[in-house]
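Reader: I've never looked at this one before. Could you show me how to read its features, one by one?

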Amino acid sequence: AAAGAIRSINHPMTKPWHWWFEETELDQIDTMEIWNDPTYPTNPEATEQTLRLWNALWNDGRRVIGIGGSDTHMLPTESYTENGPPSLIGDPGTYVLADGLSAEDILQAVRLGRVYVSRQPELEHSYRIGGVEYPPGSDLTQAVEASPDGTVILKLSITKLEAGIIHMIENGDTVLTHPFQGASELEFAFCWKDAGYRWRRLEIRTSSGELLAFTNPVYQGKRSPQLKTWKQLLQ
């Protein structure tokens, strides 16, 4: 970390390649691979388990950034199941809003949580308070406190997806679902005035619940973490 690296736990719940080292200190984790090759048979359920762990980390006050990766070990003509979908590079992909294309620019943007992960849809999203827009990953504490009513406006653009359902996750709970058709320009408002510690992110899913994309949270306030080790997180 002192040399500028990011420390990540990858495919933490995909057995037998899950994270075995239960005494790992959570202070040592910068990012976690939430999503890993959705075509591998056990990975959809492992992803849902990891999403729940990620919720628990944020609810504990730990701002761990969620990433994803295809981790493919196969040719595009091959599949893990007979006549199944191919395992392809970039499925899913991690999209980073960086100020430049150098390695350091990209790593810094990941540290700030300016990241979403997607199999298909492309997203543009920002959060507006008053006349100022903030990217995903932002600490909105001061902006909300300075706002007369604490209203946050989420601006969301979705392309390259025929239809889906937006799930808004706040402090680990689904607080809103919204179906959409085709390319969509949407706005949603929520109020965080005097709401204490809060974080909110998005998931895009099919009507049957299959994950298509997720964003990293914006947040306000602080919470002193109580969980110390990976074992405590699992428990």
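**Reading the model**

Author: Let's start with W19, which has a relative accessibility of 25% and so counts as partly exposed. The labels work like this: buried is under 20% relative accessible area, exposed is over 50%, and partly exposed is in between, with a 1.4 Å probe and protein chains only. Keep in mind that this is a predicted model, where local features need pLDDT of at least 70, side-chain atom pairs count only at pLDDT 80 or more, and totals for chains, interfaces and linings use all residues. Residues are numbered from 1 along each chain as its sequence is written, and side-chain values use heavy atoms, with hydrogens and water left out.

Reader: How many aromatic pairs does the structure hold?

Author: To describe two such rings, you give the distance of their centres and the angle of their planes. Rings of Phe, Tyr and Trp (its six-membered ring) pair if the centres lie within 6.5 Å; planes under 30 degrees apart are stacked, over 60 edge-to-face, and the rest tilted. There are 9 aromatic pairs here. One of them joins W19 and F21: the centres are 5.1 Å apart and the planes stand at 70°, so it is edge-to-face. F21, at 54% relative accessibility, counts as exposed.

Reader: What about W58 and W199, how do their planes sit?

Author: Those planes are at 50° with the centres 6.0 Å apart, so this pair is tilted. Both W58 and W199 are buried. W58 belongs to helix α1 (residues 43–59) and W199 to strand β12 (residues 198–205), so the pair ties together parts 141 residues apart in sequence. Those element names come from DSSP runs, numbered from the N terminus: helices are H or I with at least four residues, strands E with at least two.

Reader: Which ring does the charged end of R200 sit over?

Author: The ring of F190, with the charged end 3.9 Å from the ring centre. For that label, NZ of Lys or CZ of Arg must be within 6 Å of the ring centre and within 35 degrees of the ring normal.

Reader: Now the sheets. In what order do the 4 strands of the open sheet run?

Author: Strands of a sheet pair through backbone hydrogen bonds, either parallel or antiparallel. To count as a pair, two strands need at least two bridges found by DSSP. Here the order is β7-β6-β8-β11, with antiparallel pairing. The edges are β7 (132–134) and β11 (184–191), each with a single partner strand, so one side of each has no neighbour in the sheet. Strand β8 (residues 151–159) meets β11 over 8 bridges, in the antiparallel sense, and L156 stands opposite L186 in β11.

Reader: And how do β2 and β3 run, parallel or antiparallel?

Author: Parallel, joined by 5 bridges. E33 has I67 in β3 as its bridge partner. In a regular strand the side chains alternate between the two faces of the sheet. Both faces of β3 are covered, with I65, I67 and G69 buried on one side and G66 and G68 buried on the other.

Reader: How many residues has the largest nonpolar core?

Author: In soluble globular proteins, nonpolar side chains tend to be buried together. A core means buried Ala, Val, Leu, Ile, Met, Phe, Trp, Tyr and Cys residues joined through side-chain atoms within 4.5 Å. The largest one has 25 residues, and those with the most contacts inside it are M32, W54, F214 and W230. Elements giving it two or more residues include β2 (31–36), β3 (65–69) and β13 (211–215), while α1 gives the most, with 5 residues. Leaving out residues up to four places away in sequence, F214 touches I34, W35, W54, G66, I67, Y116, V117, L202 and E203; contact means heavy atoms within 4.5 Å. Another core, of 24 residues, lies apart, with I166, L186, F190 and A213 among them.

Reader: Last stop, the backbone. What kind of peptide bond joins K15 and P16?

Author: A cis one, with omega about 0°, and P16 is in the loop between β1 (8–9) and β2. D91 and P92 are joined by a cis bond too, with omega about 0°. P92 lies in the loop between β3 and β4 (93–96).

Reader: What is the phi of K160?

Author: About 60°, which is positive although K160 is not a glycine. K160 is in the loop between β8 and β9 (163–170) and, at 54% relative accessibility, counts as exposed. D71, also not a glycine, has a positive phi near 50°; at 34% relative accessibility, D71 counts as partly exposed.
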